[in-house]
Amino acid sequence: TKAARHNEAAMLFAAAEHNSEVHRKIRQAAASQLALAGSHAPIFTVLDVVVQDCGTLVVVAHNLAGDSKTEVFPAHATLADLARRLQGWHGRCRTVFIDFPDHGAPTPWDCGKTIAEWTGIAPPLEAQDHDGRQDQSG
């Protein structure tokens, strides 16, 4: 940012990069199946997210009729991935609301967050070091 303040070309390049990131996030949110507040969309409640020994996530979602569906996801699955599956389960909608009773309801702006990140569950074992601490290397 210091270079951008002293160099107009650098500033314009930085602005373009920032704008492209903003536009990417807007496109990602618009393409997600997560519903906006006030939309007419089915509601699914996720009562259980479990990390299996192999590192996959098991998600149990319920619709308002009380039916449940268990889905298995890779550890890095996003809220957009979950919304896509739930939208497919419902089949008659474009978007869905997902309620996590202890964590709230994500909006389209949250679609890139992982399910693990949203729910605050421990990362899969392969993402931890040998002492059980989370690997901070990226």
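Accessible areas here come from the Shrake-Rupley method with a 1.4 Å probe; for residues, only the protein chains shown count as cover. By that method the protein exposes about 8800 Å², and carbon and sulfur atoms supply 54% of it. This is a predicted model: local features need pLDDT of at least 70, side-chain atom pairs count only at pLDDT 80 or more, and totals for chains, interfaces and linings use all residues. Residues are numbered from 1 along each chain as its sequence is written, and side-chain values use heavy atoms, with hydrogens and water left out.

**Fold**
- The protein holds 4 helices and 4 strands (DSSP runs, numbered from the N terminus: helices are H or I with at least four residues, strands E with at least two).
- From the N terminus, the order is α-α-β-β-β-α-β-α.

**Sheet**
- The 4 strands form an open, mixed sheet in the order β3-β2-β1-β4 (strands pair if DSSP finds at least two bridges between them).
- β3 (68-73) and β4 (97-99) each have a single partner strand, so one side of each lacks a neighbour in the sheet.
- Strand β2 (residues 57-63) runs antiparallel to β3, joined by 6 bridges.
- Val59 stands opposite Glu71 in β3.
- Helix α3 (residues 79-90) packs on the sheet and touches β1 (43-51), β2, β3 and β4 (contact means heavy atoms within 4.5 Å).

**Cysteines and burial**
- Of the 138 residues, 33% count as buried (under 20% relative accessible area; exposed is over 50%, partly exposed in between, with a 1.4 Å probe and protein chains only).
- Cys111 is buried at 2% relative accessibility.
- Cys54 is exposed at 55%.
- The structure holds 0 disulfides (pairs of cysteine sulfur atoms within 2.5 Å).

Methods:
Axes fitted to C-alpha atoms, helices over the stretch in contact; angles between N-to-C directions.
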